[in-house]
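This briefing goes through helix packing, pockets, a cavity and points of backbone geometry. Please read it with the sequence and the structure open.

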Amino acid sequence: MAQAVQQTFSQTRLGIGPPITDGFYYDFEPPQPFTPEDLEKIESAMRKIVKEGQRFKRRVTNEAEALKELAHEPYKCELIGIKGSGNDETSVEVGGTELTIYDNLGRDGQPVWSDLCRGPHLPSTKHIPAFKLMRSAGAYWRGSEKNPMLQRIYGTAWPSQDELNAYLELLAEAEKRDHRRLGQELDLFSFPEEIGSGLAVFHPKGGIVRRAMEDYSRKRHEDENYEFVYSPHLTKAALFQKSGHLDWYSEGMYPPMIMDEELHADGTIKRAGQQYYMKPMNCPFHNLIFQSRQRSYRELPLRLFEFGTVYRYEKSGVLHGITRARGFTQDDAHIYCTKEQMPGELDSLLTFVLNLLRDYGLQDFYLELSTRNPEKSVGEDHDWEEATEALRKAAVAQKLELVLDEGGAAFYGPKISVQAKDAIGRTWQMSTIQVDFQLPQRFELEFASADGSRQRPVMIHRALFGSIERFFGVLTEHYSGAFPPWLAPVQVVGIPVADSFAEYLSGVIKEMKASGIRADLDDSDDRMQKKVRNAQMQKIPYMVIAGEEDMKAGAVSFRYRNGEQKNGIPVAQAIAEIKATIAAREQV
RNA sequence: GCCUCCCUAGCUCAGUGGUAGAGCAGCUCACUUGUAAUGAGCAGGUCAUCCGUUCAAUCCGGAUGGGGGGCUCCA
């Protein structure tokens, strides 16, 4: 591709071009950013190169030679410099032990183009059966926002045209189930411009799904002996000074509101005002609840739970529908326990988390354990070791794949995160369980132990969904909007074959409603076929249809989302079937 | 925040330097036919906002807001 780019746009300088999952990219510094038409030109130049069957020849070189040869490529020279200086930063261009240049040889055996690269390469460009350039985008040179922005071209490459097509179909499928698109099509939520970027409103149908999600979560938390608390969305600055958030997180917070400030006529401050912040986290509030009176070891573990809505001023570029927003609600809990209780607590917590996620329909998980970064961390060595070991044991007990994220923990404690795969194989980070050595100290949390001494509790942060909105988005994509009945905004729609059966069916729907089913009658002027189509597009799990035959028999006929039907089911039996599926949280 | 592309009716999208159209949805009327679109009519838009260029801007330029794809980030 780089050859094609330089053929087409000779002023373009080369950056880095590694292979990635499903394909490759290459960073360039072109005179003008690439347009979609440019990509087409480049792609046809590439096809020509592939057709020519240029052979790749590996050539070992040294720093001085390479610098001379690539003097016109400043970025490549920088890479050679890194390599030469013994910096061990691995780069696809200069990795390994020696500098290599690959020459592309034309039919006559003469080099037509060369590039610094670690390799390996295919023997010839003929061995590239299927590829496609996907998009161009800006990317910082060597991934640092302090560096200049280059233009990156992404491509995908496959061993066969069929596999390329399959990949493109997967992308199309992902686009179809994009929660932002489904959020609009199914009337679940929206982001009115008037409110502000990253701030969502939930519509009635989205509200039903969300409430069903929350209600079930609440119930399960009750079973696990969590206690429910509430805290305000606003607080004076002092609280976040105490927690330390203002020191290291202020750029992620909405700026303060200054209340009751008095100014002199010249604009100088007569009386300082109070600063109030929107909360970006709930933990300081829960700590204050813990601290509200003397605590005893008998109360531990104390598990405080809240659906806490927080506000974070995320950079505009990272916002993504409802999965990455500026205002969102965490299913947040903080567990205060003794050191001795910690291992058991972590173990049962992880089991609880995984089982709950399974109840929502996610099946495929792996765990990631983030350990201490010695450079940046607070707390005692043995505390870290103990906590990390407890997390590891809990993880191993789940018999799931465990990935180690060495040194990836936050400075205040190790954590474990649950990664879940969705219906089309994409991975989402879901729950996190995080041990905190920092906040109990900052808040001087204490409890009276059995011997009367004052001890500091261990604090565990945990969120199962991460945020309800985000989990909502993930489930929407996982189910492609076809929620299982227990979550579906409308569970049943009644469709009379013709107007004259509407009254009969209306009675059936009423009966369903009375037994707690979310059922509606479609008594619009549309034809039956149109009603079926509408219900189908709304992804309603059950269509209950009635005509002459059903009415005579006191029955209804089912049409399921997959188009299957079951006719002449007695009303009581139909209701029982629906209720059982809802209660079991099964998908249909 | 940075690079880049985009913003026309509720939605999906045509279109033009001389102030706009379709399909679906909506409303009205008629019709109603066992499992994915009955027909007719009506209504609906400061062409995101503001500022320039121009005799004239939805169209050209700039700024702001919102969005897409990436980069960086995600305590």
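This is a predicted model: local features need pLDDT of at least 70, side-chain atom pairs count only at pLDDT 80 or more; totals for chains, interfaces and linings use all residues.

Which hand, left or right, does the crossing of α15 and α18 have? The crossing of these two helices, α15 and α18, is right-handed.

**Helix packing: α15 with α18**

- Helix α15 covers residues 502–514 and helix α18 covers residues 571–583, and their axes come within 11 Å while crossing at roughly 40°.
- Angles under 35 degrees count as roughly parallel and those from 65 to 115 as roughly perpendicular, and α15 and α18 are therefore oblique to each other.
- On the α15 side the contact is made by Y504, V508, E511 and M512, and on the α18 side by V571, I575 and I578.
- Sorted by class, the residues of this contact comprise six nonpolar and one charged, with no polar residue.

**Helix packing: α7 with α11**

- Helix α7 (residues 204–223) packs with helix α11 (residues 342–359) at an angle of about 150°, and the axes of the two helices are 11 Å apart.
- Angles over 145 degrees count as roughly antiparallel, and α7 and α11 are therefore roughly antiparallel to each other.
- The crossing of α7 and α11 is right-handed, and the contact brings together Y216, R220 and H221 of α7 with F352, L356 and D359 of α11.
- The residues of the contact between α7 and α11 fall into three nonpolar, one polar and two charged.

**Helix packing: α11 with α12**

- Helix α11 also packs with helix α12 (residues 381–397), where the axes come within 9 Å and cross at roughly 35°, and the crossing of α11 and α12 is right-handed.
- From α11, the residues M342, P343, L346, D347 and L350 meet E386, A387, A390, L391, A394, A395 and A397 in α12.
- In the contact of α11 with α12 there are ten nonpolar residues and two charged ones, and no polar residue.

**The largest pocket**

- The largest pocket holds about 1200 Å³ of space, and of the 38 residues that line this pocket, M281, R312, F328, Q330 and T432 are the closest to its centre.
- At least two lining residues of the largest pocket come from each of α9 (245–249), β19 (327–337), β23 (427–436) and β26 (458–463), and β23 gives the most, with five residues.
- The lining of the largest pocket consists, by class, of 14 nonpolar, 14 polar and ten charged residues.

**The second largest pocket**

- About 890 Å³ of space lies in the second largest pocket, which is lined by 32 residues, with M1, F24, F56, H121 and I128 lying nearest its centre.
- The elements α1 (2–8), β3 (23–29), α2 (36–52), β5 (99–105) and β6 (111–116) each supply at least two residues of the lining of this second largest pocket, and β3 gives the most, with four residues.
- By class, the lining of the second largest pocket has 21 nonpolar, eight polar and three charged residues.

**The cavity**

- When the whole structure is searched, one cavity of 30 Å³ or more is found, and the volume of the largest cavity is about 90 Å³.
- The largest cavity is lined by L186, L188, K205, G481, F483, A488, P489, V490, Q538, K539 and I540.
- The lining of the largest cavity divides by class into seven nonpolar, two polar and two charged residues.

**Backbone geometry**

- Most residues other than glycine have a negative phi, and most peptide bonds are trans.
- The peptide bond that joins L300 and P301 is cis, with omega at about -5°, and P301 is placed in the loop between β17 (295–296) and β18 (302–311).
- The residue D260, which is not a glycine, has a positive phi, near 60°, and D260 lies in the loop between β13 (257–259) and β14 (262–263).

Notes
Residues are numbered from 1 along each chain as its sequence is written. Chains are lettered from A and ligands numbered from 1 in the order in which they are written. Side-chain values use heavy atoms; hydrogens and water are left out. Axes are lines fitted to C-alpha atoms, for helices over the stretch in contact, and angles run from 0 to 180 degrees between N-to-C directions. A crossing is left-handed if the near helix is turned anticlockwise from the far one by less than a right angle, and right-handed if clockwise. Contact means heavy atoms within 4.5 Å. Ala, Val, Leu, Ile, Met, Phe, Trp, Tyr, Cys and Pro count as nonpolar, Asp, Glu, Lys and Arg as charged, and the others, Gly among them, as polar. On a 1 Å grid over the protein atoms alone, a cavity is a set of points where a 1.4 Å probe fits but cannot get out, and a pocket is an open set with protein on both sides within 12 Å along at least five of seven lines; lining residues have an atom within 4 Å of a point. Grid points are joined across faces, edges and corners, and a volume is the space filled by probe spheres set on the points.
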